[in-house]
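Please view the sequence and the model together while reading.

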Amino acid sequence: MEIKYNKEIWYVISVLVLIAGVSSTMVSLSPKLSNKYESPMIIITLTLSIINMLMIIRIAVINPGTLIKMTNPPEEPVRIIEVFGNTILLKTCSTCNIIKPPRAHHCKICNVCIDRRDHHCHWVANCIGRNNHRMFIFLLFFLVVQCVFTIGNSIYMIAWIVTDTGLYIIESVLIAIGVLCLWHIGGLLIYHTFLIFTNQTTYEHKKTVFPSGNPFYKSFFKNCTLFWKMVPEENIKEQKPESPAGETQTNNIP
Ligand SMILES: [Zn+2]
Ligand SMILES: [Zn+2]
């Protein structure tokens with residue numbers, strides 16, 4: 001899938017420019033360090049920057065899980081499936097004319113249904129869905145690492161290396177950028193870790209899609225495994241738990 005050449009492309013470019021600007025500033029100031037620290041600092045800075053920039057581009061261009069639109073609506077507007085012993089009602093998307101699989105939702109920005117849609121991220125100009133959610137988590141993690149490294153390096157420079165006012169201001173700006181980014185990206189990483197542990201998507205959590213309990217929730221370990229494997233829910237075969245009352249929970253997913 002190509003990047004949609006709308007205004008969101010500028011979000012992606014601004015993030016790439018910010019990463020490139022911060023890393024090139026750090027590398028240009030690295031000769032101030034002793035020989036012992038200069039090379040490792042340059043290698044770590046460039047490695048983190050390249051990894052993050054490549055991941056941003058990859059997440060931006062990858063197909064997040066677009067479901068193919070149909071010209072005519074399905075004959076049956078709803079379908080009932082069973083996942084983890086829960087009966088789930090699937091509805092038709094009136095725009096795409098398809099019965100949405102469990103956890104698929106229509107994105108108004110992309111104007112398509114996305115499989116296991118989490119949210120639409122302006123910073124990568126793409127939806128986060130089944131195909132790119134894992135890489136999105138890796139991106140958040142490595143961006144947090146880069147923020148912590150940038151802040152730590154700049155504090156070290158200010159405390160022991162830098163003596164003139166100009167460099168002091170530059171390092172202070174790097175710390176400010178690092179703290180600001182860490183505050184937002186770190187918070188996002190913590191939130192998404194919570195979602196992984198509880199087997200939810202951002203959409204499901206924010207919209208309270210399951211007011212009577214998340215039908216996809218399993219154990220902590222199984223939730224993490226399911227996120228890693230990204231198996232489509234309708235393909236998950238699991239024995240129905242024995243219920244003495246014979247009750248089944250019906251979930252009406254919007
Ligand atoms: Zn749709
Ligand atoms: Zn989208």
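The chain has a radius of gyration of 23 Å, whereas a compact globule of 254 residues would have one near 18 Å; the radius is taken over C-alpha atoms, and the globule rule is 2.2 Å times the number of residues to the power 0.38. This is a predicted model, in which local features need pLDDT of at least 70, side-chain atom pairs count only at pLDDT 80 or more, and totals for chains, interfaces and linings use all residues. Residues are numbered from 1 along each chain as its sequence is written, while chains are lettered from A and ligands numbered from 1 in the order in which they are written.

Along its principal axes, the C-alpha trace spans about 75 × 45 × 25 Å. Six helices and eight strands form the secondary structure, in the order α-α-β-β-β-β-β-β-β-α-α-α-α-β. Helices (H or I, at least four residues) and strands (E, at least two) are DSSP runs numbered from the N terminus.

Of the 254 residues, 23% are buried, that is, have 20 or more other C-beta atoms within 10 Å of their own, with C-beta atoms placed from the backbone. Contacts join residues whose C-beta atoms, so placed, lie within 7 Å. Among contacts with a separation of 6 or more, 64% link residues 24 or more positions apart.

The largest nonpolar core holds 19 residues; such a core is a set of buried Ala, Val, Leu, Ile, Met, Phe, Trp, Tyr and Cys residues joined through C-beta atoms within 7 Å.

The most, five residues, come from α3. I56, I59, A60, V124 and L139 touch the most other members. Leaving aside residues up to four places away in sequence, I56 touches V12, V15, L16, V124 and L139.

Technical notes: A residue is buried if 20 or more other C-beta atoms lie within 10 Å of its own, exposed if 12 or fewer, and partly exposed in between; C-beta atoms are placed from the backbone. Two residues are in contact if their C-beta atoms, placed from the backbone, lie within 7 Å.
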